[in-house]
Amino acid sequence: STLPYDLVGLLNYVYSKDKSFNELISLLKNSQIKFDGVDGKFFFRNNMIERELDILKIQNGKATKITIREN
């Protein structure tokens, strides 16, 4: 359900950077470029959205990223 929010963020990025259509296509074909989404980073690979999801804690209507510590 967060994909529409991520899409709006991506469109805002493209618009604010004044990217052309061809630049947008190149941007989306580069899986090394990752975008910040509502619940983690996302990128495109083989015309599919891949995600690196964060673990979020929801409390009092606010989402906070949980940091996992390794021993």
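Which residues form one aromatic cluster? I looked this up in the model, which is predicted, and found that Tyr-13, Phe-35, Phe-42 and Phe-44 make up the cluster.

**Entry 1: Phe-35.** I located Phe-35 in strand E1, which covers residues 35-37. I then checked its accessibility: the relative area is 9%, under the 20% limit, so Phe-35 counts as buried. Leaving aside residues up to four places away in sequence, I listed its contacts as Leu-10, Tyr-13, Leu-27, Gly-40, Lys-41, Phe-42 and Phe-44. I also looked up Asn-47, which is 12 residues from Phe-35 in sequence and 15 Å from it in space, C-alpha to C-alpha.

**Entry 2: aromatic pairs.** I noted a count of three aromatic pairs. One of them joins Tyr-13 and Phe-35 in an edge-to-face arrangement, with 6.0 Å between centres and 70 degrees between planes. Tyr-13 belongs to helix H1 (residues 3-16) and Phe-35 to strand E1, so this pair ties together parts 22 residues apart in sequence. Whereas Phe-35 is buried, I recorded Tyr-13 as partly exposed, at 30% relative accessible area.

**Entry 3: a charge over a ring.** I found Lys-34 over the face of Phe-43, 5.0 Å from the ring centre.

**Entry 4: the surface.** I looked up a nonpolar surface patch and found that Ile-55, Ile-66 and Ile-68 form it, with about 280 Å² of accessible area together. I placed Ile-68 in the segment after strand E5 (62-65).

Methods
Residues numbered from 1 in each chain as written. Predicted model: local features only at pLDDT ≥ 70, side-chain atom pairs only at ≥ 80, totals over all residues. Heavy atoms only, no water. Helix = DSSP H or I, 4+ residues; strand = E, 2+ residues; numbered from the N terminus. Buried < 20%, exposed > 50% of the residue type's maximum accessible area, 1.4 Å probe, protein only. Contact = heavy atoms within 4.5 Å. Patch = residues over 30% accessible without salt bridge, like charges linked within 9 Å, V, L, I, M, F, W, Y side chains within 5 Å. Areas by Shrake-Rupley, 256 points an atom, 1.4 Å probe, with all protein chains shown as cover. Salt bridge = Lys/Arg side-chain N within 4 Å of Asp/Glu carboxyl O. Phe/Tyr/Trp six-rings, centres within 6.5 Å; stacked < 30°, edge-to-face > 60°. Lys NZ or Arg CZ within 6 Å of the ring centre and 35° of its normal.
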